Amino acid sequence: MKHLIIFAHPYAKSFGRGITDTIVNELKNKEAEVRVRDLYEIGFDPVLKGTDLPL
């Protein structure tokens, strides 16, 4: 089974990150494939700008 977890929190030691890490560990113990995408880590900007749109 494959899982993708989307995570977004500015603090690496947050409670939410702890929950995410626990979920990842449990899934890996069940031999699942897990990927975590940390939106803050990759610099995701949720604001759509006019320059982002093709002309």
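Ile23 is partly exposed, with a relative accessible area of 40%; on this scale buried means under 20%, exposed over 50% and partly exposed in between, with a 1.4 Å probe and protein chains only. The model is a predicted one, in which local features need pLDDT of at least 70 and side-chain atom pairs count only at pLDDT 80 or more, whereas totals for chains, interfaces and linings use all residues. Residues are numbered from 1 along each chain as its sequence is written, and side-chain values use heavy atoms, with hydrogens and water left out.

The protein chain contains one helix and two strands, arranged β-α-β from the N terminus on. Helices (H or I, at least four residues) and strands (E, at least two) are DSSP runs numbered from the N terminus. The C-alpha trace spans about 45 × 25 × 10 Å along its principal axes. The radius of gyration of the protein chain is 15 Å, while a compact globule of 55 residues would have a value near 10 Å; the radius is taken over C-alpha atoms, and the globule rule is 2.2 Å times the number of residues to the power 0.38. Buried residues account for 16% of the 55 residues. Among contacts (heavy atoms within 4.5 Å) between residues at least 6 apart in sequence, 64% join residues at least 24 apart.

The largest nonpolar core comprises five residues, Ile5, Val24, Leu27, Ala32 and Val34. Such a core is a set of buried Ala, Val, Leu, Ile, Met, Phe, Trp, Tyr and Cys residues joined through side-chain atoms within 4.5 Å. When residues up to four places away in sequence are not counted, Val34 touches His3, Ile5, Val24, Leu27 and Lys28.

Three salt bridges are present in the structure, each defined as a side-chain nitrogen of Lys or Arg within 4 Å of a carboxyl oxygen of Asp or Glu. Arg17, Asp21 and Asp38 are linked in a network of these bridges. Within it, the closest N and O atoms of Asp21 and Arg17 are 3.1 Å apart. Asp21 and Arg17 are separated by about one helical turn, because they stand four residues apart in helix H1. Asp21 is partly exposed, at 33% relative accessible area. Arg17 also meets Asp38 in a salt bridge, at 3.4 Å from N to O. Arg17 lies in helix H1 and Asp38 in strand E2 (residues 33-38), so the pair ties together parts that are 21 residues apart in sequence. Asp38 is buried, with a relative accessible area of 11%, and touches Phe7, His9 and Arg17 when residues up to four places away in sequence are not counted.

A further salt bridge joins Asp45 to Lys49, with the closest N and O atoms 2.6 Å apart. Asp45 is partly exposed at 40% relative accessibility, and Lys49 is partly exposed with a relative accessible area of 38%.
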